[in-house]
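Please work through the following exercises slowly, with the sequence and the model side by side, and try each task before reading its solution.

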Amino acid sequence: MTTIFVCDTCRYSAEDKVGPEGKTGGELLAERIERLAAGRDGIRVCRQSCLMGCDRYCNTAVAAPGKLTYVLGMFAPTDASAEAVVDYAGLHAGSETGQVPFKQWPQGVKGHFVARIPALEG
């Protein structure tokens with residue numbers, strides 16, 4: 001099972017903590033990711049209050065047991081961003097190691113990778 005962690009406390013923009021809806025950018029991105037991931041086999045979504053990447057709002061992490069974890073940030077809280085993250089998580093879920101070849105990355109995640117974390121072994 002691949003998990004998309006979404007920071008629900010991330011800023012809406014560089015200037016604003018909350019957007020016009022009165023929600024943080026992280027809350028808005030989480031809602032969109034949850035909606036798009038619903039019913040997708042092998043993917044679940046968990047909200048996390050603060051992934052400590054405040055300079056790179058909105059932040060996510062894609063992780064699964066025994067696989068590489070990827071931290072992604074600098075997303076706008078939009079449907080397009082959410083779709084790119086969910087599509088990438090689907091590719092991660094289908095990969096034996098969590099590594100997805102660059103040519104398969106959705107366009108919307110390119111330039112958003114912050115860190116790759118080695119898999120924990122048993």
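The exercises below go from the whole chain to single elements, and the model they use is a predicted one.

**Exercise 1. The whole chain**

Task: List the secondary structure elements of the protein chain in order from the N terminus, and then decide how compact the chain is.

Solution: Begin by counting the elements, which come to 2 helices and 5 strands. Next, follow the protein chain from the N terminus, where the order of the elements reads β-α-β-β-β-α-β. Then turn to the radius of gyration, which is 13 Å for the protein chain, close to the 14 Å that the globule rule gives for 122 residues, so the chain is as compact as a globular protein of that length. For the extent of the chain, the C-alpha trace spans about 40 × 30 × 25 Å along its principal axes.

**Exercise 2. The neighbours of strand 1**

Task: Find which strands are joined to strand 1 by bridges, and state for each whether it runs parallel or antiparallel to strand 1.

Solution: Start with strand 1 itself, residues 2-7, which is mostly covered, since 5 of its 6 residues are buried. Its parallel partner is strand 2 (residues 43-48), joined to strand 1 by 6 bridges, and within this pair Thr-2 stands opposite Ile-43. Its antiparallel partner is strand 3 (residues 60-63), with 4 bridges between the two strands, and here Phe-5 has Ala-61 as its bridge partner.

**Exercise 3. Helix 2**

Task: Check whether the span of helix 2 agrees with its number of residues, and then identify its buried residues and what covers them.

Solution: Helix 2 has 16 residues (79-94), and because each residue counts for 1.5 Å, it should span 22 Å; the end C-alpha atoms are 23 Å apart, which agrees. The residues of helix 2 that are buried are Ser-81, Ala-82, Ala-84, Val-85, Val-86, Tyr-88, Ala-89 and His-92.

Key. Residues are numbered from 1 along each chain as its sequence is written. This is a predicted model: local features need pLDDT of at least 70, side-chain atom pairs count only at pLDDT 80 or more; totals for chains, interfaces and linings use all residues. Side-chain values use heavy atoms; hydrogens and water are left out. Buried means under 20% relative accessible area, exposed over 50%, partly exposed in between (1.4 Å probe, protein chains only). Two strands pair if DSSP finds at least two bridges between them. The expected span of a helix is 1.5 Å times one less than its number of residues. Contact means heavy atoms within 4.5 Å. The radius of gyration is taken over C-alpha atoms; the globule rule is 2.2 Å times the number of residues to the power 0.38.
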